[in-house]
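Me: I would like to go through this predicted model with you, one packing question at a time. Please reason each answer through before you settle on it.

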Amino acid sequence: MTVQPTFERRSRPHGRDAELRSVAAVLDAPRRGGCGVLVLLGDPGMGRTALLDHAAAAFTGGPVIRVAAAPGDCRVPGGGLRVLCDALARHGAAPDAPPPDAHMADRHMATPHTAAPHMSDPHMAGAHMAGRHMDDAHTDTAHMEGPHTAEAPMEGPRLADALRAASAGGTPLVCVDDAHLWDEASRRSLAAFLRDAPRTGPVAVLVTAARRHPGSRDFAGLPSVVLGPLSRGAAARVVDDAAAVPVEPSVREELVTEADGNPALLVLLAERLSPARLAGSEPLPGPLVDTVALRRVVSPAPDELPEEVRALLLLVAAASEDGPAGGTADAGLVRDAARHAGLPGRVFAAAEAAGLLVRSGGRVGCATVPLRRLVYEDAAPDRRRAAHGTLAAALDGSRNPLARLTHTALSVPGPDPRLAAALAAEAAREDARRPHRERSAALARAAELTTGTGARGERLVAAAEQARLAGLPGRARELLAAARAAGGHDAVRGRVELVSGLLGADDGPVLDAYESLTAAARLLDPYDPDRAAVARLAAADAAWAAGDVAACLAALDTAGHRRAERPDGTDGTGGTGAGGRRAPECAPPGGGWGDDAYPAGLRAALRGRLDLAREPLRRTVERAGPGGADPARLLRAGAAALVTGDVAAACRVGARAVAAARASGSAVFEPRALEYLAYAELRAGRHGRARAHAEEGLRAAGQTGQRNTAAHLHAVLALALSVEGDETGVAAHTGRAMDTARRHGLAQAAALAQWASARADLSRGRAPEAAARLRPVVRPVARGGHFAVRVLAIPCYVEATALAGQAGAARSAVEEFAVWASLGGDPQAPALLARCRALLDPAEAGDWYERALHRHESASGEFERARTLLLYGKWLRRQRRPREAADRLREALVAFEQCGARGWAEMADSELRASGSAPRSRPEGGLAGLTAQQMRIALLVADGATNREVAVRLSLSPRTVDHHLRNVFATLGVRSRVDLARMVDRAHPADPAPPEAPAVRAVRDRHGPHAERPRAHPRA
C-alpha cells in the first residue's frame, strides 16, 4: 500500500511550488495504480538534486532506489544502466542484472560518435562532446539536434524484471541523478523503458539531467519540468535559511543580485561570508561571485574545453550586453570577430551542439550566466584584451561607435588620456538607442584610462549617474566610492552627494537622503544651478515621504530659484562635464529645466492654498505634452495631477511615464512610474488595475533595489486587496510596508498601510478596530499622521467611529474635510462629505444620503458609491423601511460584486437578508431555523463577542441583542454560549474563523477556544 506524499512547509525548497506539485503527482501516481515519470531539467546549481532529496524524504510508499552518475558510468556502453539494475537488485530478490547484449554493445562501441571519453571526471563529457563535434561536425550535428532514432539496446526487459523484484517490499521510488552523464546506450535504454513504463505496473521514477547538455536530448518527449532561476523573494529566503545569523536587508539584496537566481550560488555566498559581513557591520568582499564560486556551478569548466571553442566563448562573453539583450551579443558581430580571429566556421555548430551556446533572433549568448562570467573572468588579462581588440576591429566606424571605442579602450593595458576623452565624449552624446548600462561601462573605463584626478572623478560620478539610471544601485555606489577617493572640485563633490542622496531616497532612511541632497544643492549652487535645483526637488520628495512639511517647504522654497541651462553646454566651472556636456537624463524626476511651475504649485498646496496651486500644477501637466518622452518630466506631471485631484490626467500621464521609462531604458524610473499609476488607478476606483500595476511595480522595484518604492507599492496593494476582502493579503502587504516604513522613516507608506488595515476591518464589521487604527492616521501631522493621507482617510474614519458608537470623536475631522472638499482637490470629496454628514446627523441622514448619491453620479469611483448605498440601506432598515432598504442594498450588492469587493458584498448580502429579502443560500442543519438577524448574532457570539460588541457591530441596542439571543437559545435548544459555539462549529467546520481583536484573543488564550466572555468587556 502506498501513502500520498506530504511535504513539510518548513523543508520545502523555496520558489519551487509548481515543480513540487509535479513531483507530488509523480509520487502519488502509484497509489492510484499508475506509473509516475518526471524528468527534472535545469542548469548546474538550479537545485535538481535538492528536489530529489526532498522527494526521497517525502516518499513513504516503498523503498527509495537512488543512483547518480559516477566516473566509470560513461566509459562502457550500458555501464550506467548496469549501476541502476544493481541498485534495484539490492532491494529485491533478483540477481544482478547481466551486462548489456554483447551484439548491441559491440555495435555501439564500433560507432565513432558513441565512443565514450576516457576521463576521470564525468563532467568532462560536455567538453568531449564539443571536441568531438569540432572533429566531425558535419556528421554529428544533425544527429544531436533531437532524440536518437536508432534502435536502443534491448535492456527494457532486464530493467523491468529488476524493478518488479525491487517492488516486493512496496512500490519503489527510483531516482536517477545526472542521467545526462551516462553513456549513450544507457541513456537510450532508460528513456525507452520510461516511455513504456506504464506497462510495468505501479512505479514512480524521477530523473535529473542538465538542461542544455547533449545527453539530455535522449529524454525528449518524456514528462519534464525545467528549473529556472529563483525569483528575488525566493532567493532572499534561501539566503536567510543558509546564513548563520540574521542578514542585513541591503546585504541580502546584494547577494540575491549577484547570484542571479542560482540556488547553489546563494547558499555558497551565504555560508562563506562572516557573521559581521552578513550583519552589514563589515563591507562585503569584491567580487562576491569569484571564479572559485563560479566553478561550483559551471560544467565543463572553460579550461576543459577545446581551444577554439574556448576562444569563441570568450568572444561571446566579451561582446555580451546585459539588460534587455539578456546577456547576449550580436551574432553578426561575433561571427565577424571570429573570422578576424581565424576561428573555423564549424566552431559555432560544435559549441551549440555541446550545449555551450544558444542563438535566437540574431543574438548569441553563452548557455548560462555563470558560464559567461567564468569564461571571461577566468581568462588571462592578455586574452581578454585580445578578444576586445578583435571585436573593435570587427566594428567599423559607423557601426555603433560607442561599442567600438569601448572595446578599443578595453584592449589597451594602461592609461590613455586621448582615448579616454574620446570615449567619454561619445558616451555623453545623447542617443536614445544607447542603454544607460552601456554608457556607464564606457564612462567607467574612460575613468580608468584617465590620468588627471579631477577628470577621473568627474567621469566616475558620470558613470555612477548612468548606473543608477540603469537600475544598478550596487554598481553606482561602487563608482561613487571611487569618485570620493579620487577627490576633486566642489562641483564634482556636489554631484557625488546628489547621486548618493538619490540612491538613499530609493533605498534607505529618507531623512538621511534629505540631508545628502540639501548638501549637494549647497555644493552645486555656485557651479551648476540646474543640478542644485534638481537636488532640492529630490530633497522635497524625500521630506514628502517622511511626512515632514517644514523640510519639504524649505527645499521647495529655493528649488525654483535657479538659472536656465547654459546654451553652451558648460557647467559653470570653466570646464565641461563628462565628454564636454551635461547629461540631463542623470537628473531625478524634475519639473523640467528652467521651469519653476511645479515647485511653486507644490509650495502653495502645502500651505493650504490649493486655489493658488491649481494653475502652476495644471501648467506642469500640460507641459508634459501628449508626445513627451522624458520619464522625469512625466513623473512630475503625474504628481501634479494627483495633487490637484485630476485623477484622469494622473492615470494618462502615469501610463505614459511607464512607457517612457521602458523606451528610454531608464530602469530606475519604472517602479516609481508604476507606483504613481497604481495610486492614480486606486483613486479612480479601478482597484483591479491598481493591483496589477502595483504587482508589476514590486517586481521592478526588487530588480532595481528600491525598497522605499517597494514599501509604497506594498501599501497600495494592501489598499487594493482591502476592497477585495483578502484579509490575508492585506496583512502580508501591510506588514512588508510597515517593516520598511519603520526602518526608513516612510510616514506616507505607513499611513497608507494603516488605512488599508482599517478598511479590511470595516469590510468584516470590525468598526471599533478600524476606528482605533485610523485615529493616528487622521491626527494632525505633528502627532504621527501624514499630511497627504490624513484628509483622504477622514471619510473612512467617520464611518468607523459612527458604526462604533463614537461619532462625537469625528466631528472636528468632518469640518476639516469640508474645507478640503470645497477646494476641489478630489472629485469624490463632495459625495463623501455628504455621506459623513449622514453618519453624524441621523435625523437628517436620509437627505444627506440622497445628496451623496446624487454627487456620486458626477464622479468616478463605483466602490465608494456602493459603500454609500450600503450605509444608506442599513439606515433605512433601522428606520423600518425594509422595501426601500432592500432596493439600496441590492444595488450596493451588485456594485460590490462588479468591483470584486467580496467582503463588502457579503456585508450587503447579510443586510439584505436582515431586511427580509430572500437570502441567496440558507445554512443547513439546526441553524436553518434562525432568522437572518438571529443568524448574524449567533455567529458573532460564537466567535466570542459580548452582547455589547454585537450591538456595536450590528447597530442595535444591547437590549435588542439580548432579546434575539434568548430566542436563538430557545430555537436551538442550547443553554450556554459554549454550546452555541460548538453547534456553529459543527455546522461550519471548514469556515476559517475571522480575525479577532486583541481583547477577544486574550480571553480565548486564558479560558480556551469556547470560553464564555464576560458580559461587559471594554474595547480598544
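Me: In which hand of crossing does helix 41 pass helix 43?
Reply: In this predicted model, the two helices to compare are helix 41, residues 862–878, and helix 43, residues 902–914, whose axes come within 10 Å. Where helix 41 passes helix 43, the crossing is left-handed.

Me: Are helix 41 and helix 43 roughly parallel or roughly antiparallel to each other?
Reply: The axes of helix 41 and helix 43 cross at roughly 25°, and angles under 35 degrees count as roughly parallel. Helix 41 and helix 43 are therefore roughly parallel.

Me: How many charged residues does the contact of helix 41 with helix 43 have?
Reply: From helix 41, Phe 863, Arg 867, Leu 870, Lys 874 and Arg 877 take part, and they meet Trp 904, Met 907, Ala 908, Glu 911 and Ala 914 of helix 43. Sorted by class, this contact has 6 nonpolar residues and no polar ones, while the number of charged residues is 4.

Me: Which residue in strand 4 is the bridge partner of Leu 173?
Reply: The open sheet has 5 strands in the order 2-3-4-1-5, with parallel pairing. Within it, strand 3 (residues 173–177) and strand 4 (residues 203–210) run parallel and are joined by 4 bridges. For Leu 173, the bridge partner in strand 4 is Ala 204.

Me: Which helices do the buried residues of helix 8 pack against?
Reply: Helix 8 spans residues 232–242, and its buried residues are Ala 234, Ala 235, Ala 236, Val 238 and Val 239. These buried residues pack against helix 9 (249–259) and helix 10 (263–272).

Technical notes
Residues numbered from 1 in each chain as written. Predicted model: local features only at pLDDT ≥ 70, side-chain atom pairs only at ≥ 80, totals over all residues. Heavy atoms only, no water. Buried < 20%, exposed > 50% of the residue type's maximum accessible area, 1.4 Å probe, protein only. Contact = heavy atoms within 4.5 Å. Axes fitted to C-alpha atoms, helices over the stretch in contact; angles between N-to-C directions. Parallel < 35°, antiparallel > 145°, perpendicular 65-115°, else oblique. Left-handed = near helix turned anticlockwise from the far one by under 90°. Nonpolar A, V, L, I, M, F, W, Y, C, P; charged D, E, K, R; others polar. Pairing = 2+ DSSP bridges.
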